[in-house]
Amino acid sequence: MRHVTITTGDTVERFDVADPSGWNDIAELLASRLVPGDIVALSGALGAGKTTCVQALAKAFGIKRQPPSPTFALMRSYALPKAIRGIKRLVHVDAYRIEKPDEILALDLDEELADGKSVLVLEWPEQITSWLMRHISRIDVSIRGE
Amino acid sequence: MKAFTILGLESSCDETSLAILKVSTSSVDILHHETATQIPIHQRYGGVVPEVAARTHVAEILSLLDRATLFPKPKVDAIAVTQGPGLATALRVGIETARAMSFASGIPTIGVNHLEGHLASAWLVKENRAQWKFPILALLVSGGHTELVLIKDFCSYRVVGRTRDDAAGEAFDKTAKLMGLGYPGGPILSQSALNGDSTAFDLPRPMFHDKSFDFSFSGLKTAVRNTWEGLSPKKQKDESVRNDLCASIQEAIVDVLVKKTLAAARKYHPTAVCIVGGVSANRHLNDVMSQTLSRELGIRVLEPAKGLHTDNAAMIAAAGAWHFERKKLSDWKKLDAKPELDL
């Protein structure tokens, strides 16, 4: 069982995910709300299910390829087979290996977001809070175990 | 075939590396090879520092070229450079260097797939070249990759299986991190495993009974986390308990890698199997793989490419040489990074 908290601005919602298929419901909900330029900040401990959540989101967007963990690669992007509300691309970023907030600059995330057709999902957002704070268009998703 | 020399440049992620290979019909010699690794920085900060990596690529590649007295007009017949997969900002350092040299000297460039480079690392071992007969089944295992690739011919590949979530090297590093082992966790975990009992903890073998040749390691990470958190603080500090857990983790990862490789070998009938990438330095994986494939199918596992397990430019030059011999060149004017490149 996982407890998922979704925070959008001042709104806080809580959900329980009892089994792997539960992630699909969370993903559908997120997918229905996202617009280009949005960031989904996904936090949770090692093994909490962050990548599983991103895989469900990719599925909700109709992406065939199942996103593997981007920890080593830092960033991977996926084209949507069909644009959804202007979203044409899902960018999956993992800040796990990032030690200092400045290091995120090497990924040019601002440029990735500036194309007006991408949504960015970020694992380990706590590693780069100062960069994240500059971005208002954000949904925070926090995953906790039992 | 006339002998030729080829320059290799690699800057896809954390390492900056340069190599010069001389290739003839009878031999392949590494004339020069230097890798500016980020490991001293890792140790200082206790983790990988990607931004430092991306920024230092520029300085590193220039000093590597200086030391190889190559810039701007290298005396080589071709320049091979990693085109992807990798980080766009890091890849472009190598690519722009290759383009500048090609523009200044007229020497042709070859954009190389980083994964193909890993496959070619096995070919750099003399004993392996002597029995290099297609098809060869390669298990590519590293921090970012876990792929089973059928090498059908030079420059002709088919990915028959891959990880659906975490890479095998990542599973080593992250489970080590959960146990509070140092960095890099994988090698430390393997070292501790030597003194442990691999049957002490019952850990899952994800996708073990799945018919595909795909892998999954994220469930193992969660299982290790639950196991570790279930231990009393006293037991967590007990060295023999830690060694047992390390051995059990390693066994679970190796078991899955070997079983899937064996299943793929049964289907595709390769003449040999090779293990490449950072995790190919793991002794236990090599031993179990060799014993299993020899016993079950009479297939041998090629020699590990010692010193060429992790990212390096010699393997990029080697893959570039395969393309050069087949006149598969790139147009330097159009050469750009392909961060999402696949085999």
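Mentor: A polar contact is a pair of N or O atoms within 3.5 Å; within protein, one must be able to donate a hydrogen and the other to accept it, and residues adjacent in sequence count only if both atoms are side-chain atoms. Helices (H or I, at least four residues) and strands (E, at least two) are DSSP runs, numbered from the N terminus. This is a predicted model, where local features need pLDDT of at least 70, side-chain atom pairs count only at pLDDT 80 or more, and totals for chains, interfaces and linings use all residues. Residues are numbered from 1 along each chain as its sequence is written, chains are lettered from A and ligands numbered from 1 in the order in which they are written, and side-chain values use heavy atoms, with hydrogens and water left out.

Trainee: What reaches the backbone nitrogen of B:H284 at the start of α11(B)?

Mentor: A side-chain oxygen of B:N282 does, to within 3.0 Å. The limit for a polar contact is 3.5 Å.

Trainee: How do you know what span to expect of helix α11 of chain B?

Mentor: The expected span is 1.5 Å times one less than the number of residues. Helix α11(B), residues 283-297, has 15 residues. Its first and last C-alpha are 21 Å apart, close to the 21 Å expected.

Trainee: Which residues of α11(B) are buried?

Mentor: B:L285, B:N286, B:V288, B:M289, B:T292 and B:L293. Buried means under 20% relative accessible area, exposed over 50%, partly exposed in between (1.4 Å probe, protein chains only). These buried residues pack against β6, α10, β9 and β10 of chain B; contact means heavy atoms within 4.5 Å.

Trainee: Why is A:L74 called buried?

Mentor: Its relative accessible area is 1%, and the cut-off is under 20%. So A:L74 counts as buried. Phi of A:L74 is near 70 degrees, a positive value in a residue other than glycine.

Trainee: Why is A:R85 called partly exposed?

Mentor: A:R85 has a relative accessible area of 43%. Therefore A:R85 falls in the partly exposed class. A:R85 lies in the loop between β4 and β5 of chain A.

Trainee: How many salt bridges are there between chain A and chain B?

Mentor: The count is 0. A salt bridge needs a side-chain nitrogen of Lys or Arg within 4 Å of a carboxyl oxygen of Asp or Glu. The polar contact rule finds 9 residue pairs across the interface, both residues at pLDDT 80 or more.
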